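Please look over the sequence and structure first.

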Amino acid sequence: MHNKQLLIALYQNTSTSLQSIDELIKKTEDKTFNSLLKAQYDRYDKMQAKIEKVAQAKDVNLKDNNWFEKAKLWSSIQMSTLTDNSTRHLAELMLMGTVMGTLTLYKNRIDFGRAEQDVIALLDQLEQLEEDHFNELKKYLKG
């Protein structure tokens with residue numbers, strides 16, 4: 001049970017990240033920041049593929065975020081960037097998302113910590129990915 005729940009949680013975490021980055025790439029005019037977002041997108045995409053592979057091996061049917069969550073995220077990004085699509089603001093949005101994703105991972109570790117080691121390894125990898133992305137993004141707050 002813990003394997004299934006944790007795999008679904010990790011999958012939804014990466015799905016949210018991918019959707020967020022996809023929307024923010026459309027908003028930025030800064031080529032360097034755009035390249036960073038694309039690189040982060042690729043890393044989340046590869047992470048999601050690892051999660052899918054382990055889920056398939058364990059016969060776990062992954063569930064994506066529901067349409068309401070996707071719509072809520074989309075509208076939040078649209079509203080937040082309506083008057084400010086500066087690189088600094090977009091980086092701030094990404095940082096807030098990264099922090100939220102990391103907090104979710106911490107809670108997942110507590111709630112589903114009895115999952116098998118290969119599933120916990122995915123959580124560890126995603127947590128490290130979030131940390132790396134945070135460190136990359138915070139440089140853009142300087143404006």
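At what angle do helix α2 and helix α5 pack, and how far apart are their axes? Helix α2 (residues 31-57) and helix α5 (residues 117-137) pack at about 175 degrees, with axes 11 Å apart. This is a predicted model, in which local features need pLDDT of at least 70 and side-chain atom pairs count only at pLDDT 80 or more, while totals for chains, interfaces and linings use all residues. Residues are numbered from 1 along each chain as its sequence is written, and side-chain values use heavy atoms, leaving out hydrogens and water.

**Helix α2 against α5**
- α2 and α5 are therefore roughly antiparallel (angles over 145 degrees count as such).
- Axes are lines fitted to C-alpha atoms, for helices over the stretch in contact, and angles run from 0 to 180 degrees between N-to-C directions.
- Helices are DSSP runs (H or I, at least four residues), numbered from the N terminus.
- The α2 side of the contact (heavy atoms within 4.5 Å) includes Phe33, Gln40, Tyr44 and Met47.
- On the α5 side, the residues include Leu122, Leu126, His133 and Leu137.
- The residues of this contact divide into eleven nonpolar, three polar and five charged.
- Ala, Val, Leu, Ile, Met, Phe, Trp, Tyr, Cys and Pro count as nonpolar, Asp, Glu, Lys and Arg as charged, and the others, Gly among them, as polar.

**Gln40**
- Gln40 sits in helix α2.
- Gln40 is buried, at 0% relative accessible area (buried means under 20%, with a 1.4 Å probe and protein chains only).
- Beyond its neighbours within four places in sequence, Gln40 contacts Ile21, Met94, His133, Glu136 and Leu137.
- Thr14 lies 26 residues from Gln40 along the chain, and their C-alpha atoms are separated by 11 Å.

**Helix α1 against α5**
- The axes of helix α1 (residues 2-25) and α5 come within 10 Å and cross at roughly 25 degrees.
- α1 and α5 are therefore roughly parallel (angles under 35 degrees).
- Leu6, Leu10 and Thr14 are among the α1 residues that meet α5, where the partners include Val119, Leu123 and Glu130.
- The contact of α1 with α5 comprises eight nonpolar, four polar and one charged.
- Of the 24 residues of α1, 19 are buried, so the helix is largely enclosed by the rest of the structure.

**Asn108**
- Asn108 belongs to helix α4 (residues 87-112).
- Asn108 is buried, with a relative accessible area of 7%.
- Not counting residues up to four places away in sequence, Asn108 touches Leu6, Ala9, Gly113 and Leu123.

Methods:
Helices (H or I, at least four residues) and strands (E, at least two) are DSSP runs, numbered from the N terminus. Angles under 35 degrees count as roughly parallel, over 145 as roughly antiparallel, 65 to 115 as roughly perpendicular and the rest as oblique. Buried means under 20% relative accessible area, exposed over 50%, partly exposed in between (1.4 Å probe, protein chains only).
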